[in-house]
Amino acid sequence: MDTSYIINEFAEERENYFNAVSPPIMQTSNFVFNKVDDMRKAFVDEYSTYLYSRGKNPTVDILRKKLAALDGAEDCLVFNSGAAAIFASVFANVKAGDHIVSVDKPYTWAQKMFNDILPRFGVTTTYIDGRQIENFERAILPNTAVIYLESPNSWDYAIQDLPAVVELAKAENIVTIIDNSYCTPLYQKPIEMGIDLSMQTATKYIGGHSDALGGVLSGGKAMIEKIFNSEYLNIGSGISPFNAWLLIRGLRTLPARLDRITASTKKVVAYLKGHPKVESILFPFDESFPQFELAKKQMKGACGLMTFVIKANNIQQIETFCESLEHIFMAVSWGGHESLIIPKCSGIQPGEFDASNKEHRMIRLYVGLEEPEYLVKDLQQAFEKM
Ligand SMILES: *Cc1c(COP(=O)(O)O)cnc(C)c1O
């Protein structure tokens, strides 16, 4: 299926709603039955029936079909946040006594789940540097049930060789889950590489306008049906029809936005690399990136998010730089229209700052939809004020 077809036409039944170009928001909690037997069937198989919008909803279904098709997956579920999708994907695949192998430094809330919640149920996690396949081999135990990946990572962009991990996991009957938020299915298709469950936050690039949260979990029908009937319905963390509609709207412009951001990011990366106050830059599609070859091999693109190490002798200089930006906002998240920064030193107390520690001088920059020259000018004047 062509990406353009998926985004503009697929799964929309316009003849059923007055040939409207934009689909209706089915803002309903429940659905009416005329026959007892139809209701009985719905109770038995909620996965295929409109019964109650905590389960299936027609607006959400349009989004599900489009997102699953983009991922090359049989089905997907859309949650009300990426964190909810991560939680359901892991919870559905572990039981007491199981073990998980996770890449180190996964997304904050994945890490909190592994460290704080799962141990209460007797599920333990081993973190590894996922850049070397041997580290997976060494960490796998007889009770390993899940391998959790994030490629690239959204701070240091560490990448895992996905086909190699899949080969290892399949031989041991281990479920593979990936956080594919950085690439979206336009730039990386983990399901086609054999990964069992591909998760992405829809809050970032899919929505694209910083106005709705969502999370996507794609996989085989049996796996998705299993998660629908347990975690999805039980936690009640499905996306609302209105937010699903916003995400359908966001999807329409996803390829155009990624093209634009890719082109702008190249210019901003080039500017930063040449700046005397920048010590180094981390961006998967830059030749200086240690895993550049692997990035090129399994990703179609990289855009928007990068991290640079700023030259500073004290925390004040970094704070002055960040606070001097006039157009680039300081805020969490990314993937929207607006450019953003987060300094790593916002996550530590000022007294802990150590200028010799490169990590403390890291700044993550997200390039949005503004003119690249406008962003460069803003960065330039902030560097001058340091
Ligand atoms: C934002 C983010 C998430 C979580 O998504 P939410 O929609 O905010 O819950 C997960 N992984 C990565 C890499 C993210 O950047």
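**A loop residue, and onward**

Mentor: Phe18 sits in the loop between α1 (3-8) and α2 (36-44); helices here are DSSP runs of H or I with at least four residues, strands are runs of E with at least two, and both are numbered from the N terminus. Before going on, keep in mind that this is a predicted model: local features need pLDDT of at least 70, side-chain atom pairs count only at pLDDT 80 or more, and totals for chains, interfaces and linings use all residues. Residues are numbered from 1 along each chain as its sequence is written, and side-chain values use heavy atoms, with hydrogens and water left out.

Back to Phe18: its phi is positive, about 60°, although it is not a glycine. Phe18 is exposed, with a relative accessible area of 83%; exposed means over 50%, buried under 20% and partly exposed in between, using a 1.4 Å probe and protein chains only.

Lys105 is another non-glycine residue with a positive phi, about 50°. You'll find Lys105 in the loop between β2 (99-103) and α5 (108-117), and it is partly exposed, at 45% relative accessible area. Within strand β2 itself sits Ile100, which is buried at 0%.

Ser151 and Pro152 are joined by a cis peptide bond, omega about -10°, and Pro152 lies in the loop between β4 (144-150) and α7. In helix α7 (residues 162-171), the buried residues are Leu162, Val165, Val166, Leu168 and Ala169. Looking down the axis of α7, those buried residues fall within an arc of 165°, so they line one face of the helix; the arc is taken from the directions from the helix axis to the C-beta atoms. Glu167, Lys170 and Ala171 are exposed on the other side of α7.

Next, the sheet. Five strands make an open sheet of mixed pairing, ordered β8-β9-β12-β11-β10. β8 (278-282) and β10 (329-330) are at the edges with a single partner strand each, so one side of each has no neighbour in the sheet. Two strands pair if DSSP finds at least two bridges between them. β10 and β11 (residues 340-343) pair in the parallel sense over two bridges, and Met330 has Ile341 as its bridge partner in β11.

Last stop, the ligand. It is surrounded by 14 residues, the closest being Gly82, Ala83, Asp179, Thr203 and Lys204; a residue counts if one of its heavy atoms lies within 4 Å. That shell divides into four nonpolar, seven polar and three charged residues, where Ala, Val, Leu, Ile, Met, Phe, Trp, Tyr, Cys and Pro count as nonpolar, Asp, Glu, Lys and Arg as charged, and the others, Gly among them, as polar. Helix α4 (residues 82-91) supplies the largest share of the shell, three residues. A polar side-chain atom of Thr201 lies 2.9 Å from an oxygen of the ligand. The protein covers 92% of the 380 Å² of accessible area that the ligand has on its own, computed by the Shrake-Rupley method with a 1.4 Å probe.

Note on methods: Polar contact = N/O pair within 3.5 Å; in protein donor to acceptor, adjacent residues only side chain to side chain.
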